[in-house]
Amino acid sequence: MKNARGDTLDLIDQANYRHLTYILNPNAADLLDDTFLELPNMGPLQETYWVNDSIIIFSTLGRELLTYNTKSQRIVDRFCVSEIMTDCSQDDLKDIGGFHFACRGEDIVIALRYWPRLILGKIGEDFSINIETPELLDTNALNNDKKADRTIYYTSVTMGDDRIVAQYYGFPQRLTQPFPVNLEGQNLKFKIEVYDKSLSPIIQYDPQSDFNRIFLDDNRHRIYYWDAFDDFEKLKQITLP
């Protein structure tokens with residue numbers, strides 16, 4: 001969502017491809033505009049960010065990043081994670097191409113699910129997607145693993161003005177499942193990694209707590225999270241250096 005003018009709220013309905021604009025008043029939010037995004041069927045849009053008042057960037061179930069102009073109703077550019085993988089078939093892409101991303105202004109960071117890798121990128125002046133080309137990821141290195149034994153690395157990432165915060169797991173995928181599916185018992189003890197905008201590491205936190213998602217408060221320099229098995233209403237916080 002975005003609140004560019006201070007009295008309106010723009011939302012993207014990711015499942016139904018709608019752009020909703022509400023005008024805010026002290027007592028309610030009244031629908032001002034409701035338009036459809038003219039997109040081909042690609043399943044529910046995943047993580048979505050506003051680049052400016054007309055351009056959005058989002059990820060898809062097809063392992064792609066797209067920039068889209070909500071005014072001209074057209075796709076501007078697209079990037080597929082297979083572009084940084086070796087010999088990646090469609091089946092490979094669906095199986096091991098999972099990623100999360102964050103966008104802040106023109107800056108992009110991609111966090112890969114099955115590789116311990118964060119990758120930077122930029123949105124160009126023409127709103128093209130430009131990803132720094134790292135050493136290509138070896139698809140065959142993961143194909144021999146049983147899916148349940150495959151290590152999950154990053155499960156979310158967020159970006160502020162001068163910090164990147166990534167949620168790191170580092171355990172086999174089977175440990176995300178509860179008993180009795182996983183006889184070892186469910187483990188959601190993630191670590192929190194903090195980097196500067198060039199991906200130089202600053203600090204890693206190990207809260208020893210089961211949590212699902214982190215939120216970065218850029219103004220107060222804090223991270224918020226909550227324990228998935230404790231108290232859903234009690235936010236925990238970490239103050240960043």
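This briefing walks through aromatic rings, paired strands and cysteines in one structure. The model is predicted, so treat each value below as computed from that prediction. The structure holds 5 aromatic pairs and 0 disulfides. Keep the 3D view open and find each residue as you read.

**Aromatic rings**

- Start with Y153 and Y168: their ring centres are 6.1 Å apart and their planes meet at 50 degrees, so this pair is tilted.
- Y153 belongs to strand β12 (residues 151-159) and Y168 to strand β13 (residues 164-172), so the pair ties together parts that are 15 residues apart in sequence.
- Is Y153 buried or exposed? Y153 is buried, with a relative accessible area of 18%, and the cut-off for that label is under 20%.
- Y153 and Y168 also share one aromatic cluster with Y154.
- Another pair joins Y169 and F171, with 5.2 Å from centre to centre and 70 degrees between the planes, which makes it edge-to-face.
- Y169 counts as buried at 1% relative accessibility, whereas F171 is partly exposed at 27%.

**A charge over a ring**

- Look at Y114 next: the charged end of R150 sits over its ring, 5.2 Å from the ring centre.

- Strand β14 covers residues 191-195 and is mostly covered, with 4 of its 5 residues buried.
- On one side of the pairing list, β14 joins β13 in the antiparallel sense through 5 bridges; V165 has V194 of β14 as its bridge partner.
- β14 also runs antiparallel to strand β15 (residues 201-205), and 4 bridges join the two.
- In this second pairing, E193 stands opposite Q204 of β15.
- β14 and β15 form a hairpin with 5 residues between them. Within its turn, L199 has a positive phi of about 70 degrees.
- A general point to keep in mind here is that side chains in a regular strand alternate between the two faces of the sheet.

- C103 is in no disulfide either, as its nearest cysteine sulfur, that of C80, is 18 Å away.
- Both cysteines count as buried: C80 has a relative accessible area of 11%, and C103 is at 7%.

Terms used
Residues numbered from 1 in each chain as written. Predicted model: local features only at pLDDT ≥ 70, side-chain atom pairs only at ≥ 80, totals over all residues. Heavy atoms only, no water. Phe/Tyr/Trp six-rings, centres within 6.5 Å; stacked < 30°, edge-to-face > 60°. Buried < 20%, exposed > 50% of the residue type's maximum accessible area, 1.4 Å probe, protein only. Lys NZ or Arg CZ within 6 Å of the ring centre and 35° of its normal. Pairing = 2+ DSSP bridges. Disulfide = S-S within 2.5 Å.
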